[in-house]
Amino acid sequence: LAIASGSSLAGLPRIMKMAARLAVLLAGLWASAVRGAVLRASRAGGVVPHPPPEPVGAMPETDADGAFKSKSDACAACKFKATGSCAMYLTCR
């Protein structure tokens with residue numbers, strides 16, 4: 001937290017500037033903790049999580065060495081896994 005020389009804290013002793021910075025930091029941490037508590041409380045209030053989306057396509061077979069037989073098989077496997085994941089389902093639209 002840099003305080004410019006033209007700010008309202010410019011004439012205060014160093015310890016008071018540090019106390020003001022600490023107060024701002026603690027207020028930010030407190031606000032973050034409150035926001036987290038509110039989110040946790042809202043989730044506990046009967047919100048039911050939804051299942052991940054159904055994967056698109058089919059998972060291709062791998063070769064004897066464990067690798068996919070072609071680039072298109074590897075892409076199809078990636079699309080199958082990504083579209084069945086909540087975190088990645090928009091990747092392969």
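A polar contact is a pair of N or O atoms within 3.5 Å; within protein, one atom must be able to donate a hydrogen and the other to accept it. The close-ups below come from a predicted model.

**View 1. Thr83 and its polar contacts.** Thr83 belongs to helix α2, which covers residues 71-83. Its side chain reaches the backbone nitrogen of Val56 at 2.8 Å. The side chain of Thr83 also reaches the backbone oxygen of Phe80, at 3.4 Å. Is Thr83 buried or exposed? Thr83 is buried, because its relative accessibility is 6% and buried means under 20%.

**View 2. Cys75 and Cys78, without a disulfide.** How many disulfides does the model have? The count is zero. Cys75 is in no disulfide: the nearest cysteine sulfur belongs to Cys78 and lies 7.1 Å away. A disulfide needs two cysteine sulfur atoms within 2.5 Å. Cys75 is partly exposed, because its relative accessible area is 46%, between the cut-offs of 20% and 50%. Cys78 has 41% relative accessibility, so Cys78 also counts as partly exposed.

View 3. Leu22 sits in helix α1, residues 14-44. Its relative accessibility is 46%, so Leu22 counts as partly exposed.

How values were computed
Residues are numbered from 1 along each chain as its sequence is written. This is a predicted model: local features need pLDDT of at least 70, side-chain atom pairs count only at pLDDT 80 or more; totals for chains, interfaces and linings use all residues. Side-chain values use heavy atoms; hydrogens and water are left out. Helices (H or I, at least four residues) and strands (E, at least two) are DSSP runs, numbered from the N terminus. Buried means under 20% relative accessible area, exposed over 50%, partly exposed in between (1.4 Å probe, protein chains only).
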